[in-house]
Amino acid sequence: MMADFDKDSMQCCLVCNTKVGLSARNSIPIFDESYTISKKPLVDVISAVLGIDISHDSVHSPIICKKCFKQFNEADELKSKVTKLKTELCNSYKKTIEVHKLCDIFQNEEYNDHDYTDNTESQNILTKVKCYIKLS
Ligand SMILES: [Zn+2]
């Protein structure tokens with residue numbers, strides 16, 4: 001399959017076209033069991049970032065340079081971070097919504113079932129529920 005690449009383009013980075021040669025010192029093989037820092041297959045990360053399918057047949061070079069490799073690692077890392085942040089924010093928001101739902105329930109009960117003088121007790125229950133939700 002290496003025969004499909006012409007000799008010059010084979011030695012240039014797939015992404016930035018910098019001539020790096022095939023020595024392991026400067027270039028990283030895309031298909032040769034290369035992984036990002038987060039242990040994802042390099043080919044998958046490149047594919048996701050560039051938005052193209054990467055296969056032996058579709059690329060003009062089987063290597064990338066160290067600089068691009070570093071940037072793909074960074075993109076991969078930041079993507080994981082964004083996913084984690086989104087999850088955290090969503091969970092936080094969901095808890096807030098739950099608290100608001102309970103607030104509504106308690107407030108309705110308060111107006112329907114109790115005199116306004118009962119306000120303090122209802123507030124106490126509400127505070128306890130809020131604490132419970134925060135801890136869970
Ligand atoms: Zn490059």
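Predicted model: local features only at pLDDT ≥ 70, side-chain atom pairs only at ≥ 80, totals over all residues.
I began with Glu 33, which I located in the loop between β1 and α1; helices here are DSSP runs of H or I with at least four residues, strands are E runs of at least two, and both are numbered from the N terminus. Glu 33 has a relative accessibility of 62% and counts as exposed, where exposed means over 50% relative accessible area, buried under 20% and partly exposed in between (1.4 Å probe, protein chains only).

Residues are numbered from 1 along each chain as its sequence is written, and side-chain values use heavy atoms, with hydrogens and water left out.

**Chain overview**

I found three helices and two strands in the protein chain, in the order β-α-β-α-α along the sequence. Of its 136 residues, 27% count as buried. Among contacts (heavy atoms within 4.5 Å) between residues at least 6 apart in sequence, 63% join residues at least 24 apart.

**Zinc site**

Which atoms coordinate the zinc ion? I recorded the SG atoms of Cys 13, Cys 16, Cys 65 and Cys 68, at 2.2 to 2.3 Å. Donors are N, O and S atoms within 2.8 Å of the metal (3.2 Å for Na, K and Ca); water is not among the atoms, so sites may look incomplete. Along the chain the donors follow the spacing C-x2-C-x48-C-x2-C.

The angles among the four donor atoms run from 105 to 116°, and the site is tetrahedral; four donors receive that label if all angles lie between 85 and 135 degrees. For four tetrahedral donors, the ideal angle at a metal is 109.5 degrees.

I then consulted the UniProt record, an unreviewed entry, whose "binding site" annotation covers Cys 13, Cys 16, Cys 65 and Cys 68. These positions are spread over 56 residues of sequence, yet they cluster in space, with a largest C-alpha distance of 8.1 Å. Such annotations may be inferred rather than shown by experiment.

Are the cysteines buried or exposed? Cys 13 is buried at 0% relative accessible area, and Cys 65, in strand β2, is buried at 6%. Cys 16, in the segment before β1 (27-29), is partly exposed at 35%. Not counting residues up to four places away in sequence, Cys 16 touches Cys 65 and Cys 68. With the same exclusion, Cys 65 touches Cys 13, Cys 16, Val 20, Asn 26 and Ile 28.

The largest nonpolar core has 16 residues, and Leu 14, Ile 46 and Ile 64 have the most contacts inside it. I take such a core as buried Ala, Val, Leu, Ile, Met, Phe, Trp, Tyr and Cys residues joined through side-chain atoms within 4.5 Å. Elements α1, β2 (63-65) and α2 (66-113) each give two or more residues to this core. Leaving aside neighbours within four places in sequence, the contacts of Ile 64 include Cys 13, Leu 14, Ile 46 and Phe 72.

Ser 47 lies in helix α1 (residues 42-50) and is buried at 17% relative accessible area. A polar atom of its side chain lies 2.5 Å from the backbone oxygen of Ile 52.

Notes
Tetrahedral: all angles 85-135°; square planar, octahedral: opposite > 155°, others 65-115°. Polar contact = N/O pair within 3.5 Å; in protein donor to acceptor, adjacent residues only side chain to side chain.
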